[in-house]
Amino acid sequence: NDISNKPSEASPQPADASPSNDNMLQDIRVATATANDAVNAANEAAKAASNSAKEAATAAIDASHAVKDAFGYANTAAEDAVVAANVADAANAAAIAVKE
């Protein structure tokens, strides 16, 4: 028995491009586009949040530097006051010594 010329009963048949397949493909395209839009919107929101966080951090650093500078000026003024007080004490001691 030669069965090589008989078509296989299990041979794949081409799928019909039926309207229901077209509708399903269109639904998939719409869903994919909608999902892509959602991902893009989420990325944009994340970028905006990141930029806002960067701006807030920069503002905090700037404020920290301003406070540091203010303390530096206050320390310098206090040191200058101590020096002036020491000079005044020395002058006072000299005046007392001259007086005596």
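Let me begin with a term: a residue is called buried under 20% relative accessible area, exposed over 50%, and partly exposed in between, with a 1.4 Å probe and protein chains only. What we have here is a predicted model, in which local features need pLDDT of at least 70 and side-chain atom pairs count only at pLDDT 80 or more, while totals for chains, interfaces and linings use all residues. Residues are numbered from 1 along each chain as its sequence is written, and side-chain values use heavy atoms, with hydrogens and water left out.

The chain has 1 helix and 0 strands, where a helix is a DSSP run of H or I with at least four residues, a strand a run of E with at least two, both numbered from the N terminus. Of its 100 residues, 0% count as buried.

Now to the charged pair. The structure holds 1 salt bridge, meaning a side-chain nitrogen of Lys or Arg within 4 Å of a carboxyl oxygen of Asp or Glu. The partners are Lys47 and Glu44, whose closest N and O atoms are 3.2 Å apart, and both belong to helix 1 (residues 19-99), where they sit 3 residues apart, about one turn of the helix. Lys47 counts as partly exposed because its relative accessibility is 46%, and Glu44, at 48%, is likewise partly exposed.

Finally, which residue at 48% relative accessibility is Met24's case, buried or partly exposed? Met24, which lies in helix 1, counts as partly exposed at that value.
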